[in-house]
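Student: I have a model open and want to learn how to read its features. Can you take me through them?

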Amino acid sequence: METKPNFKVSEIEEHLDSGNYTLGFRRFLDVCLETDLSVEQKQTVLGLCDIYNQVIDNTDVFESSFLEKVKELSLQFSEMNLDAANAQNNVVSGQQISKSYKAGHFKLQPISMSIDTGELVGIVGENGNGKTTLLRMMASDLSIDEGEINYELGIGNDESLYDEKSSIAYIPQRIPRWYGKLKNNLHFAASSRGIYGFENEYLVNVMLTRLGLNKYKNLFWTQISSGYRTRFELARILLLKPQLLILDEPLANLDINAQQTFLQDIRNLAKSKRHPMAILFSSQQLHEVEKVADHIVFLRNGESIYNSTIDTNEALETHTETEIETTATRDQILAALNGIEHLTVKQQGGVYIIRCQQTVHSLEILKRILGAGLTVSYYRDLTHSTKKFFNEN
Amino acid sequence: MNLQRFVPDFIKRLDHYLLTHYPIIWQSRIHNVFYAVVLTNLLLGGLAMLLPVNIGHRYELWEWTWTFFVVAVTYLVIWMIHVGRFNIFKLYGKRPIGDEYINFVLHMLSVVMIASTMFSFHYVYDQKIRNIVSNAELAQDINTLNLGAPFFPNQESYYSKYKADGSADADNGLYLYNYHNFDRFGNQRFWTNLENDGLDNSYYRGYEATEEQIMDTTIVQEVTDPCTQSKFGLNCYDENKKLFNQKKSPQEQLELITNFIKTAKKYGVSINIYPNKVLSRFNKTENYKFNLDNGEVYNFFDINYKIENSVGYVISSKTDRVIFYDPDFWHVMWYLCFNLALLFMIYRNVRRRDFILSVVSGIVIMVVSGIILALTRMNSENEIFGFYFMIYLGLVAGASAILFKRSHSWLNAACLNLVAVSTPFMPLFYYEFNHHHYDRAMTTNWEIAGFVIFFLLLQVFFKKLYTTLWALPEK
């Protein structure tokens with residue numbers, strides 16, 4: 001099936017014109033990776049990558065000719081057709097899978113879940129509630145006690161367990177150490193998947209530039225921070241082009257900016273037209289997960305207490321919940337919200353959690369507090385957020 | 001440790017080419033091994049070329065070989081760490097058809113190349129020692145020593161002792177060599193009756209023979225005829241002496257002695273006596289009339305011993321067979337390299353914990369089976385083989401169960417590893433336990449059969465089980 005790349009040229013132009021060169025060029029490289037380019041075009045892209053890396057590492061001032069060339073190629077590439085992947089299909093489905101550990105007396109209660117191509121599923125929950133167990137089971141890294149997991153990885157009927165597992169990428173929280181130069185690991189990952197010669201050079205260099213890793217390519221594992229290790233691991237996984245990507249706490253080692261970029265990257269990966277993949281990941285960063293995930297699973301004490309998309313599940317719509325940070329006392333807040341039915345105000349870790357009937361909008365709560373002359377330094381509407389489950393604990 | 005800094009650009013370029021084109025070759029690091037081994041062998045060969053060789057010194061080259069064994073082991077460890085760490089299987093890389101064969105062959109070649117560093121110094125130094133004296137020169141020297149040998153007896157009293165009771169031979173003390181092939185004439189002494197020794201005396205020369213005569217066996221035979229007509233050596237001595245005195249002038253005799261002394265010096269043996277003194281004493285033995293002056297000695301035991309050793313070392317360095325041409329050497333090397341490659345294949349195909357537990361399991365099985373054999377008093381070879389064969393079948397069953405398992409188990413992994421280790425040797429094991437007489441040809445056939453069976457199973461059986469084992473989830 002032929003289609004057009006999944007991006008807007010105007011978006012790239014906008015970023016470049018506004019001086020956000022990094023974002024603009026990254027989007028441009030996404031275009032390149034999505035498009036079937038000729039060898040000459042790939043060489044041109046590699047040349048632009050070289051210039052970009054030199055400038056980014058030194059002056060951060062790009063010549064207009066470089067920017068014009070990027071824009072011109074973006075336009076040119078956007079007009080090209082590409083072979084899109086097949087329509088969305090189920091990649092993995094687990095039916096009533098469970099697992100118990102004798103040591104620790106923990107049991108992950110039966111849970112069912114299904115992930116389609118292009119879908120992002122986030123697993124949230126407090127520590128020790130079974131997130132890693134669930135991820136490892138879905139990655140076929142840990143055996144299940146009960147239930148069944150079926151994979152539809154599109155590698156033929158005579159697929160062996162090994163071939164099946166080759167199409168699943170599991171990135172644990174503690175990424176196994178790489179040996180040798182980081183760049184060599186990426187070349188090796190690509191060539192071991194049948195990407196040879198110039199294509200190998202092209203993909204690895206574009207990937208390094210795309211993920212902002214070019215500066216570190218000749219270093220060794222022990223010479224980079226854990227955040228960069230996660231990014232390098234992501235680069236390796238992208239070269240392997242798995243059908244199913246499973247990440248355990250990928251945001252744990254990233255700073256706030258890197259978290260945003262990382263989440264956007266994996267969302268782009270999942271939604272890629274050419275190589276879409278199913279992504280399952282766990283995180284403690286609830287708000288960030290909710291921003292990108294299509295589907296959320298909330299685990300508590302080994303039990304799934306929420307397993308649905310955010311928009312469609314009515315379980316979240318039971319009440320209005322607001323999180324604020326203020327110097328005011330609980331009594332002052334209660335006074336400001338006087339008259340609202342089913343009101344509860346609870347202090348939790350430096351913030352107040354305000355619950356009330358569903359008919360009152362969260363913004364109304366904020367208005368009433370501000371109207372009472374109280375100072376609010378932080379506000380968030382949790383009505384549609386799974387964070388409500390954390391607060392209930 | 002970053003070893004890349006020691007690698008030249010062309011190897012780096014090759015490395016990158018293999019990395020991006022032939023990952024299966026790249027990950028074996030055979031190109032790095034090749035470079036390191038060539039460089040090391042050149043260095044060790046150069047060292048062997050630089051080290052002086054002293055004529056007449058006996059060199060124990062195996063001592064050097066064991067010294068460089070350390071180098072080979074170091075290389076082996078470094079290589080294994082590098083290859084073992086960068087493991088394609090652990091990253092769930094694709095496994096193309098035939099990859100297990102390619103891996104095995106590449107690893108075998110790497111081990112063979114690394115092992116060669118043990119022998120490069122040995123080989124070059126051995127060649128240097130062999131050529132310290134050319135064959136023609138050595139033949140000439142032996143000729144000269146043989147010609148002069150009668151003038152330098154071990155102990156003059158032997159002559160008189162023999163004269164008295166006939167119990168001892170007149171012994172010049174110096175072993176003689178066949179200068180054509182450098183074989184020593186056993187216990188043959190120059191003055192000994194040729195007939196009694198039963199040696200092929202075609203090349204055996206009387207002391208008066210010239211080099212030209214030596215080349216002509218007819219002349220030699222003619223010259224030695226007077227001996228053969230005598231009963232014992234002393235007669236021979238007499239006859240030869242008479243003949244010698246007829247044919248050689250004193251000047252010629254003196255020249256033979258001088259040449260002997262010069263040649264001995266060349267082989268590291270100094271003879272601090274004037275040639276005319278030697279001749280004078282030699283002449284006093286005529287008709288066994290030892291009229292040596294008081295304090296005068298005619299005894300060259302030490303000198304003869306040294307010359308004999310010195311020439312012997314040079315000759316043995318030329319005639320001893322180099323170990324590299326010995327099939328037994330390659331037999332040992334094959335086993336060494338094969339087993340290392342086999343162990344390495346197993347290590348790379350399983351988790352580290354499984355590998356360690358397999359080693360422990362192997363030891364436990366050996367100990368327990370030994371105890372069972374002792375307790376049950378099974379002592380016939382058929383019974384012992386049957387017992388071990390049952391264990392082997394049990395291991396095969398345990399390994400095959402991997403295909404039907406839902407989760408990974410170290411026990412199955414241990415069974416598989418032990419089957420992989422024992423399969424190449426099972427046919428030989430069977431043959432040795434069922435045939436009581438040693439037949440080298442048959443043993444070799446059964447050995448080869450074991451390796452063939454292993455290689456046939458490598459791709460279709462072992463790879464299938466190892467990849468499945470890798471992919472099974474943890475319990």
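This is a predicted model: local features need pLDDT of at least 70, side-chain atom pairs count only at pLDDT 80 or more; totals for chains, interfaces and linings use all residues.

Student: Which secondary structure elements does chain B have, and how many?

Tutor: Chain B holds 21 helices and 0 strands. Of its 475 residues, 48% count as buried. Among contacts in chain B with a separation of 6 or more, 73% join residues 24 or more positions apart.

Student: What does the accessible surface of chain B consist of?

Tutor: Its area is about 23800 Å², and carbon and sulfur atoms hold 62% of that. One nonpolar surface patch covers about 870 Å². Its members include B:Ile356, B:Val360, B:Val364, B:Val368 and B:Leu375. B:Leu375 sits in helix H17 of chain B, residues 352-376.

Student: Is B:Leu375 buried or exposed?

Tutor: Apply the cut-off: exposed means over 50% relative accessible area. B:Leu375 has 68%, so it is exposed.

Student: Now the opposite end of the scale. Where is B:Thr117?

Tutor: B:Thr117 is in the loop between helix H5 (99-116) and helix H6 (120-130) of chain B. Its relative accessible area is 0%, so it is buried. Beyond its neighbours up to four places away in sequence, B:Thr117 touches B:Val37, B:Thr40, B:Asn41, B:Leu44, B:Phe68, B:Val71, B:Ala72 and B:Tyr75.

Student: How should I think about a nonpolar core?

Tutor: In soluble globular proteins, nonpolar side chains tend to be buried together. Here the largest nonpolar core has 72 residues. A:Phe28, A:Val45, A:Leu245 and A:Ile279 touch the most other members.

Student: What does A:Phe28 contact?

Tutor: Leave aside its neighbours within four places in sequence. A:Phe28 then contacts A:Ile12, A:Val45, A:Leu48, A:Val70, A:Leu73, A:Ser74 and A:Phe77.

Student: How is chain A divided into domains?

Tutor: Besides domain 1 (9-78) and domain 2 (90-311), there is domain 3 (314-391). The C-alpha centres of domain 1 and domain 3 of chain A are 46 Å apart.

Student: On to charges. How many salt bridges are there over all chains?

Tutor: The count is 22. One of them joins A:Lys99 and A:Asp145, at 3.7 Å from N to O. A:Lys99 lies in strand E3 of chain A and A:Asp145 in the loop between helix H5 and strand E6, so the pair ties together parts 46 residues apart in sequence. A:Lys99 is buried, at 4% relative accessible area. A:Asp145 is partly exposed, at 40%.

Student: Which partner does A:Lys271 have?

Tutor: A:Lys271 pairs with A:Asp294, with the closest N and O atoms 2.9 Å apart. This pair also links distant parts of the chain, 23 residues apart. A:Lys271 is partly exposed at 29%, and A:Asp294 is partly exposed at 24%.

Student: What separates B:Asp126 and B:Arg130 along helix H6 of chain B?

Tutor: They are 4 residues apart in that helix, which means about one helical turn. Their salt bridge has its closest N and O atoms 2.5 Å apart. Both B:Asp126 and B:Arg130 are buried.

Student: Which residues form a salt-bridge network?

Tutor: A:Glu11, A:Arg27, A:Asp30, A:Arg210 and A:Asp265 are linked in one.

How values were computed
Residues are numbered from 1 along each chain as its sequence is written. Chains are lettered from A and ligands numbered from 1 in the order in which they are written. Side-chain values use heavy atoms; hydrogens and water are left out. Helices (H or I, at least four residues) and strands (E, at least two) are DSSP runs, numbered from the N terminus. Buried means under 20% relative accessible area, exposed over 50%, partly exposed in between (1.4 Å probe, protein chains only). Contact means heavy atoms within 4.5 Å. Accessible areas come from the Shrake-Rupley method with a 1.4 Å probe; for residues, only the protein chains shown count as cover. Patches are made of residues with over 30% relative accessible area and no salt bridge: like charges are joined within 9 Å, nonpolar side chains (Val, Leu, Ile, Met, Phe, Trp, Tyr) within 5 Å. A salt bridge is a side-chain nitrogen of Lys or Arg within 4 Å of a carboxyl oxygen of Asp or Glu. A nonpolar core is a set of buried Ala, Val, Leu, Ile, Met, Phe, Trp, Tyr and Cys residues joined through side-chain atoms within 4.5 Å. Domain bounds come from an automatic or database domain assignment.
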